[in-house]
Amino acid sequence: MYKPIIEEESINFSNLFYFIKYIIQSYFRVAIYVILLFFLYKFIKTPSYSSQISFYTNYEQSSRLPSSLGFITSLSGISNSDLGFSVSDYINSDKFLKYVLENEYNIDGEKKTLVDYWGANYNKIFSINPIGMLLKINRNLNLAKNLSIDEKKFLYAKEALLNNISYSEDPRTSLNIITITVDTFPELSKEIAKSAFESIIDYSNEVTNTKGKEKRGFIESRLSEVKIDLENAENKMLLFLEKNKNLDSPSLILQSDRLKRNIMLHNQLYLSLSDQLELAKIDEKDNTSPIFLLDNATLSSYKAGRSMFESIILLLIILFIIFASFEIYKNKEELFT
């Protein structure tokens, strides 16, 4: 029935073409039935919609501080061009997921959380997609038995959000893009994208404020120590001058210079720490952020997922690989000599 594709360790392209032609002719009807079933599935399947929001994480405001304070940036917690945390890691954190899931959205004319919306299907198993149904059955079998209904709803909503959110970052330009995909309600994807961005902004401010608070406490403690050292140095200078009215010897002049340098050193350190303390107080209450919005949440003009043409081409390729593999396995002795 088949002519060998490989003869004497070389490919016979004429026989290969015949093999491909035979596969197409033999399984053409099966492929048509599969495509018709795929059309039916696409028609029944709930449409998905996506929204996208983009922002930069390297916005840096020009400093108006005196040039003498330039060295302070190394002690200022986090710089303006660095968030101090990974957006990618934060999006996968429970803190982010809880913020987005427990926020209220306008869903079908009602105010609901995503836990109420997605979590309602926590025990739903039936699906028109057989693979999806098997995955749901496997998931339910693997759930811990001590979980409450509320915990199961939150877990299901959490998994749904992770499956419906995608994140990308350009390391060269620090452009971040978040895409949200949901079924049925197009505007819901926009609302979730906005909520995700707001959560990132809030966390960025929280990081800045926390670092500012920690830094303020450290600087205040250090400032107290430096103030004591400065006062001690000044007292030593005062005692020296009271004992020595006339500095008429090289030894006294040298001691006086050393005491003056010591006072000057502690005084400069005290002034610098005072400036740093003011910056720390600003950071502690600062609500600005190095995150700068580029494009607000925008609903895509097209439905989410592959187009019908792309899906059919991919399906035909997969079917051909399956049919060809089956025929090769069944007739390997004839095809390879």
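Me: Where does Phe 126 lie?
Reply: In this predicted model, Phe 126 is in the loop between helix 5 (114-119) and helix 6 (130-142).

Me: Is Phe 126 buried or exposed?
Reply: Phe 126 has a relative accessible area of 60%. The cut-off for exposed is over 50%, so Phe 126 counts as exposed.

Me: What does Phe 126 touch, leaving out residues up to four places away in sequence?
Reply: Phe 126 touches Met 133 and Lys 136.

Me: And how far is Phe 126 from Ile 137, going by C-alpha atoms?
Reply: Their C-alpha atoms are separated by 8.9 Å. Along the chain, the two residues are eleven apart.

Me: Stepping back, how many helices and strands does the protein have?
Reply: There are eleven helices and eight strands.

Me: What share of the residues is buried?
Reply: Buried residues make up 32% of the 337 residues in the protein.

Me: And what about contacts between residues 24 or more positions apart?
Reply: Take the contacts with a separation of 6 or more: residues 24 or more positions apart account for 75% of them.

Me: Let's do helices. How do helix 8 and helix 9 cross?
Reply: Helix 8 covers residues 186-243 and helix 9 covers residues 250-285. Their axes come within 8 Å and cross at roughly 160 degrees. Angles over 145 degrees count as roughly antiparallel, which makes helix 8 roughly antiparallel to helix 9.

Me: Left-handed or right-handed?
Reply: Helix 8 passes helix 9 in a left-handed crossing.

Me: What kinds of residues make that contact between helix 8 and helix 9?
Reply: The contact has 16 nonpolar, ten polar and 14 charged residues.

Me: What about helix 2 and helix 10, at what angle do they cross?
Reply: Helix 2 (residues 28-44) and helix 10 (residues 308-330) cross at roughly 140 degrees, and their axes come within 11 Å. This crossing is right-handed.

Me: Which residues make the contact?
Reply: From helix 2, they are Val 30, Ala 31, Val 34, Ile 35, Phe 38, Phe 39 and Lys 42. From helix 10, they are Met 308, Ser 311, Ile 312, Leu 315, Leu 316, Leu 319 and Phe 323.

Me: And how do they divide by class?
Reply: The contact of helix 2 with helix 10 has twelve nonpolar residues, one polar and one charged.

Me: Back to helix 8. Is Ser 195 buried or exposed?
Reply: Ser 195, which is found in helix 8, is buried, with a relative accessible area of 2%.

Me: What is around Ser 195, not counting residues up to four places away in sequence?
Reply: Ser 195 touches Tyr 99, Val 100, Asn 103 and Tyr 105.

Me: New topic: how many aromatic pairs are there?
Reply: The count comes to eight aromatic pairs. One of them is Phe 55 with Phe 197, a tilted pair. Their rings are 5.3 Å apart centre to centre, with 55 degrees between the planes.

Me: Where do Phe 55 and Phe 197 sit in the chain?
Reply: Phe 55 is in strand 3 (residues 48-56) and Phe 197 is in helix 8. The pair links distant parts of the chain, 142 residues apart.

Me: Are Phe 55 and Phe 197 buried or exposed?
Reply: Both Phe 55 and Phe 197 are buried.

Me: Which residues form an aromatic cluster?
Reply: Phe 85, Tyr 90, Phe 96 and Tyr 203 form one.

Me: Phe 55 again: what does Leu 294 contact besides Phe 55, leaving aside neighbours within four places?
Reply: Leu 294 is also in contact with Ser 54, Tyr 56 and Leu 175. Leu 294 has its place in strand 8 (residues 292-299) and is partly exposed, with a relative accessible area of 40%.

Me: How far is Leu 294 from Asn 176?
Reply: The C-alpha atoms of Leu 294 and Asn 176 are separated by 9.3 Å, and the residues are 118 apart along the chain.

Me: Last topic, backbone angles. What is the phi of Ser 174?
Reply: Ser 174 has a positive phi of about 60 degrees, although it is not a glycine. Ser 174 lies in the loop between strand 6 (165-170) and strand 7 (175-183). At 16% relative accessibility, Ser 174 counts as buried.

Me: And the phi of Thr 184?
Reply: Thr 184 also is a residue other than glycine with a positive phi, near 75 degrees. Thr 184 is found in the loop between strand 7 and helix 8, and counts as partly exposed at 40% relative accessibility.

Definitions and conventions: Residues numbered from 1 in each chain as written. Predicted model: local features only at pLDDT ≥ 70, side-chain atom pairs only at ≥ 80, totals over all residues. Heavy atoms only, no water. Axes fitted to C-alpha atoms, helices over the stretch in contact; angles between N-to-C directions. Helix = DSSP H or I, 4+ residues; strand = E, 2+ residues; numbered from the N terminus. Parallel < 35°, antiparallel > 145°, perpendicular 65-115°, else oblique. Left-handed = near helix turned anticlockwise from the far one by under 90°. Nonpolar A, V, L, I, M, F, W, Y, C, P; charged D, E, K, R; others polar. Buried < 20%, exposed > 50% of the residue type's maximum accessible area, 1.4 Å probe, protein only. Contact = heavy atoms within 4.5 Å. Phe/Tyr/Trp six-rings, centres within 6.5 Å; stacked < 30°, edge-to-face > 60°.
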